[in-house]
Amino acid sequence: MRVENAAIDGVSNKAKFFDPFILQGIQVDLIEPGRVVCSMKVPLRLLEEIEIEGKVLRVGKAIGVVTVELRKKKTGRIIAQGRHTNYPMKRCELESGKEATKEEKIPKLGQWLGQSVSVLLWFDVQTLELQAKNWFTVLNLASQSSIHKQVGLMGSKESCRNELRIAVRQLSERCLYSASKWAAEQLVGIEQDPAKSTPSHTRFQRGSSSIRRRYRTTEISSTPIAGVSYVTTPVPEEDDIVDSDCYLLAKSYFDCREHRRAAHALRDQTGKKAMFLRCYALYLAGEKRKEEEMIELEGPLGKSDAVNRELASVERELSTHRKSGTIDPFGLYLYGLVLKEKGHEDLARTVLLESVNSYPWNWSAWTELQSLCTTVDILNSLNLKSHWMKDFFLASAYQELRMHGESLLKYEYLQGIFCFSNYLQAQVAKVQYSLREFDQVEVIFEELLRNDPYRVEDMDMYSNVLYAKECFSALSYLAHKVFMTDKYRPESCCIIGNYYSLRGQHEKSVMYFRRALKLNRNYLSAWTLMGHEYVEMKNTPAAIDAYRRAVDINPCDYRAWYGLGQAYEMMSMPYYALYYFRKSVYLQPNDSRLWIAMAQCYETEQLHMLEDAIKCYKRAANCNDREAIALHQLAKLHNELGHSEEAAFYYKKDLERMEAEEREGPNLVEALLFLAAYCKDQKRFEEAEVYCTRLLDYTGPEKETAKSLLRGMRIADSGLPLMDVEHFPS
């Protein structure tokens, strides 16, 4: 076989390469420079024969590309086609530890072309209903997977870096600042190629190359990880090489938050870019006026019927442009945003899907699309193009849908490329927070603050962890730090509110949560935490209102549902409380506190459904019950129901846990008393004596009970009848 005018010397190399193909039923029909043609019979369709052709498209110093086609041999109709990228030169050097010679590289290229053919066959087996098994190259590829990953990531990193540099500029020019910031953070999160790095390259690569005004698809073609094919998404070209003077003026107005002036400056501009900025400026002007009206017309419960009055005109214009095909991906994003605000969720989802498939680097569009994927079925129904941004979206969507394992796997994969991304670290911390792994969350946030000491974003979650662990000094330090950095951020206000709550100053805590809501009325954490404070202050109506506002913002917030359950439980309304606890448990089934709350509801006098309470406590015990409530309650309930054996089992487990944690208290005494009496009744005197001996160390009535049990066991052990001294005549 010859690849790019280079021949494989020696018959032994050819035999070594082609023998496994022939043994597996693949016949080699043709060998030409840079081309190999094979054929095989389909097992389930023995009368049908397919032909496989592999061509070398490019072989450079460190990269090679081949295309593989599968077609019916009789008709020549193509039934499958694919492209495969590999790094054979670098792999030769990695295996040998030195630069490969020409004689070493050529057999590797031949072997790799065969691998590429078999890889396409393997991935099209189900489509073609083939049942070919034990492809020798699949095993070979598996053994080489670590080398593929090491070499392939570097090409993928460079491709992602180039795409993000372009995206940062384009998003900034359209005043999509949040999306631009996100893209820039991922850009500096990509590890620099050691071969290209210089002393001037730091982790935050400020000396990045300049960005041109106009970009072609060929300049940013993706080089995916070896063996993984991504669809290259072309970057849309600008309307003009140089922005018009009117656009520059409008953007200046926009940057100064004079949105209506910006829209007016673009009233006669017809380009896609100008049309987007004009509509976006009108939309934000309407949002600003809506917030002002909400403050002016605020009702007694903090609610208002204010609406964005610009939505109708913006929707009309964007709809017309979409129907005529004169709208770009940024216009589609804005159109989807408007449709979502108006409650047209299905159409909004379709439009946002068009936007991210056309231009995948706008994280704001992905975020809006994610908010519309409220179920796994909706998420799976999305027809998303293969692009690395899709992995960011899926990881975040899995997290919101409580698919924590899948989310962590996606983030771990992304960290292979974006290994310095603070965003990915924060998202992993959020997943661990949902899993209640507070120690790991604390470690991640400490590292985040070391890398980015003035970061405020996501730090409110860190404060929740410090609050739960009662770390007074750490929470005080964090509150002081964010106060000095930016005290008028909702996150900062929530952190300070948590600090005062931990100190027991609930009125001052509520004041800071209210301040957070003045800065952002849709800030979910502030509503939920304020509800918790009102519960502590025994202000149940205010707590219920705060929790309901949180549920209105995000129906998937289990903390708000749990808070509502607590509030109604305080009002002695267990049926209402049970309804809300069930809601919270459905959303967060791995939280033991929710199961315990529901079990306690079942235990109330109005319900007294002890069997259901036992089921809930069992679930809590299986969900890493940190407070050790479930085991003790299970033992008590079984004892109350007369299930002595089950009660002894749970008392013993609870006792073992208390001993392991070196905890003392009434629960320990109760467990020892029950187990001593149970073992005595079961004639297990030695075990009962151990428990009684431990009770003798206490000074309360349990000591006298233990003495009585010991006397009874000694009499029973000696064979003498027990005597009731109370019935002896005086």
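Reply: Buried means under 20% relative accessible area, exposed means over 50%, and partly exposed is in between, using a 1.4 Å probe and protein chains only. This is a predicted model, where local features need pLDDT of at least 70, side-chain atom pairs count only at pLDDT 80 or more, and totals for chains, interfaces and linings use all residues. Residues are numbered from 1 along each chain as its sequence is written, and side-chain values use heavy atoms, with hydrogens and water left out.

Me: Is C493 buried or exposed?

Reply: C493 counts as buried, because its relative accessibility is 0%.

Me: How many disulfides are there?

Reply: The count is 0, where a disulfide is a pair of cysteine sulfur atoms within 2.5 Å. For C493, the nearest cysteine sulfur belongs to C494 and is 7.1 Å away. For C616, the nearest one is that of C601, 9.4 Å away. C616 counts as buried too, at 4% relative accessibility.

Me: Back up a bit. How many helices and strands does the protein have?

Reply: It has 34 helices and 7 strands. Helices (H or I, at least four residues) and strands (E, at least two) are DSSP runs, numbered from the N terminus. Of the 730 residues in the protein, 49% are buried.

Me: And what about contacts across the sequence?

Reply: Contact means heavy atoms within 4.5 Å. Among contacts between residues at least 6 apart in sequence, 55% join residues at least 24 apart.

Me: Show me one residue with partners like that. What does R559 touch?

Reply: Leaving out residues up to four places away in sequence, R559 touches Y433, N464, S525, T528, H532 and Y547. R559 sits in helix α26, which covers residues 558-570. R559 has a relative accessible area of 16%, so this residue is buried.

Me: Y433 is on that list. Where does Y433 lie?

Reply: Y433 is in helix α18. Y433 counts as buried at 17% relative accessibility. Apart from neighbours within four places in sequence, Y433 is in contact with F438, V441, M461, N464, V465 and R559. Y433 and M461 are 28 residues apart in sequence, and their C-alpha atoms are 8.2 Å apart in space.

Me: Which helices supply the lining of the second largest pocket?

Reply: Several supply at least two residues each, among them α18 (422-434), α20 (459-468), α24 (524-536), α26 and α28 (592-603). The lining divides into 14 nonpolar, 8 polar and 11 charged residues. Ala, Val, Leu, Ile, Met, Phe, Trp, Tyr, Cys and Pro count as nonpolar, Asp, Glu, Lys and Arg as charged, and the others, Gly among them, as polar.

Me: Now α8. Which residues in α8 are buried?

Reply: In α8 (residues 245-255), these are Y247, A250, K251, Y253 and F254. They are on the same side of α8, because they cover an arc of only 160° around the axis. The arc is that of the directions from the helix axis to the C-beta atoms.

Me: What follows α8?

Reply: R257, with a positive phi near 65°. Most residues other than glycine have a negative phi. R257 is found in the loop between α8 and α9 (259-265), and R257 is exposed, with a relative accessible area of 67%.

Me: And R402, what is its phi?

Reply: Phi of R402 is near 65°, a positive value in a residue other than glycine. R402 lies in the loop between α16 (388-400) and α17 (404-414). R402 is partly exposed, because its relative accessible area is 28%.
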